[in-house]
Amino acid sequence: MDSKFSPGPGQLIQRMARMSNRWIEPRLQEMGLAVAQVPVFGALQQRGSMSQRELATLLHVEQPTMAQLLNRMERDGLIVRKPDPNDGRSSLISITPRALKRSEAARDVLMEGRQISLQGFTKAEVDTLQQLLQRMVDNMEAELGK
């Protein structure tokens with residue numbers, strides 16, 4: 001590597017994210033899943049049924065992207081949509097038992113990837129890293145929210 005060039009935090013974060021996805025994606029594909037589906041599983045498991053708009057906002061995904069993702073997940077039997085009793089124009093999205101079973105296996109893959117990437121880190125270092133990354137996210141969200 002050129003000693004005059006040192007990648008900044010943003011570049012290193014992007015590189016790590018790409019490598020992580022390269023490691024995780026084939027393992028999830030074996031289960032019939034995609035990386036983009038995992039946050040949807042997590043949100044629905046933690047918070048219960050949600051609207052498409054709520055999911056898109058929570059996961060910081062554009063509405064059209066979320067719509068495409070949910071259409072594929074519905075086609076694959078991973079989610080179901082039911083009319084929202086409080087809003088006749090909206091549907092509530094829920095995870096299916098089939099997806100729940102797959103999401104447990106996906107969580108294991110994610111945890112294995114996390115262990116690999118954090119190999120040699122102490123708990124204190126991991127905590128510090130998470131705090132620093134969260135501060136970076138908060139800074140950018142504040143700037144973009146102006």
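**Notes on the helix packing**

1. Starting with handedness: α2 and α5 cross in a left-handed way, where left-handed says that the near helix is turned anticlockwise from the far one by less than a right angle, and right-handed that it is turned clockwise. Bear in mind that this is a predicted model, where local features need pLDDT of at least 70 and side-chain atom pairs count only at pLDDT 80 or more, while totals for chains, interfaces and linings use all residues. Numbering runs from 1 along each chain as its sequence is written, and side-chain values use heavy atoms, with hydrogens and water left out.

2. The overall layout, then. The protein chain has six helices and two strands, taken as DSSP runs numbered from the N terminus (helices H or I, at least four residues; strands E, at least two). Along the sequence the order is α-α-α-α-β-β-α-α. The C-alpha trace spans about 60 × 40 × 30 Å along its principal axes.

3. Back to α2 (residues 37–47) and α5 (residues 97–117): their axes are 10 Å apart and the packing angle is about 115 degrees. Axes here are lines fitted to C-alpha atoms, for helices over the stretch in contact, and angles run from 0 to 180 degrees between N-to-C directions. On the α2 side you'll find V38, F41 and Q45, meeting A99, L100, S103, A106, R107 and L110 of α5; contact means heavy atoms within 4.5 Å. Those residues split into six nonpolar, two polar and one charged. For the classes, Ala, Val, Leu, Ile, Met, Phe, Trp, Tyr, Cys and Pro are nonpolar, Asp, Glu, Lys and Arg are charged, and the others, Gly among them, are polar.

4. M16, W23, I24, R27 and L28 of α1 meet A106, V109, L110, E112, G113, I116 and S117 of α5. The class tally is eight nonpolar, two polar and two charged.
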